[in-house]
Amino acid sequence: MTGFRIFGIVLAIVGVAAAAFPGWFGPLTGAAPADLFEAVERRVRGGMLLGVGLSFIAIPALRPWSTSVPSVIFYFMAGALAARLLGMVVDGIVAKQWLLVAVETGAMTLAALWLWRA
């Protein structure tokens with residue numbers, strides 16, 4: 001197992017913990033939320049860290065760019081989307097969050113199509 005994959009596993013574990021328990025990771029996730037939208041967004045910051053960790057795990061080399069760039073986009077959005085959905089289940093649903101779910105799903109779909117074509 002390479003050092004990048006071990007680093008990715010550590011980042012993914014910290015990202016999952018930060019998404020599940022954002023209060024424990026105050027410097028990473030931000031201050032206490034003022035409203036419901038910000039409570040979900042705190043979890044998304046941990047999900048982004050999860051996505052970066054998944055990218056390090058999944059991508060063995062940066063070349064060829066035609067597969068590494070869409071893979072990074074896909075995994076980054078997957079981590080953010082997973083944390084956003086967790087936040088919507090745990091904290092509550094705000095209508096604006098559904099728009100962001102659609103945007104992240106669309107970006108993942110475009111990245112998946114790019115990978116499929118490559």
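A salt bridge here is a side-chain nitrogen of Lys or Arg within 4 Å of a carboxyl oxygen of Asp or Glu. E104 lies in helix α5 and R84 in helix α4, so the pair ties together parts that are 20 residues apart in sequence. Helices are DSSP runs (H or I, at least four residues), numbered from the N terminus.

I noted that the model is predicted: local features need pLDDT of at least 70 and side-chain atom pairs 80 or more, while totals for chains, interfaces and linings use all residues. Residues are numbered from 1 along each chain as its sequence is written, and side-chain values use heavy atoms, without hydrogens and water.

Next I checked accessibility. Buried means under 20% relative accessible area, exposed over 50%, and partly exposed in between (1.4 Å probe, protein chains only). E104 is buried at 7%, and R84 is buried at 3%.

I then followed R84 to another partner. R84 also forms a salt bridge with E41, the closest N and O atoms being 2.5 Å apart. E41 sits in helix α3, so this pair joins parts 43 residues apart in sequence. I recorded E41, R84 and E104 as a network of salt bridges.

Which residue pairs with R43? I found D91, with the closest N and O atoms 2.9 Å apart. R43 is in helix α3 and D91 in the loop between α4 and α5, 48 residues apart. R43 is buried at 8%, whereas D91 is partly exposed at 27%. My count of salt bridges came to 3.

Key. Helix = DSSP H or I, 4+ residues; strand = E, 2+ residues; numbered from the N terminus.
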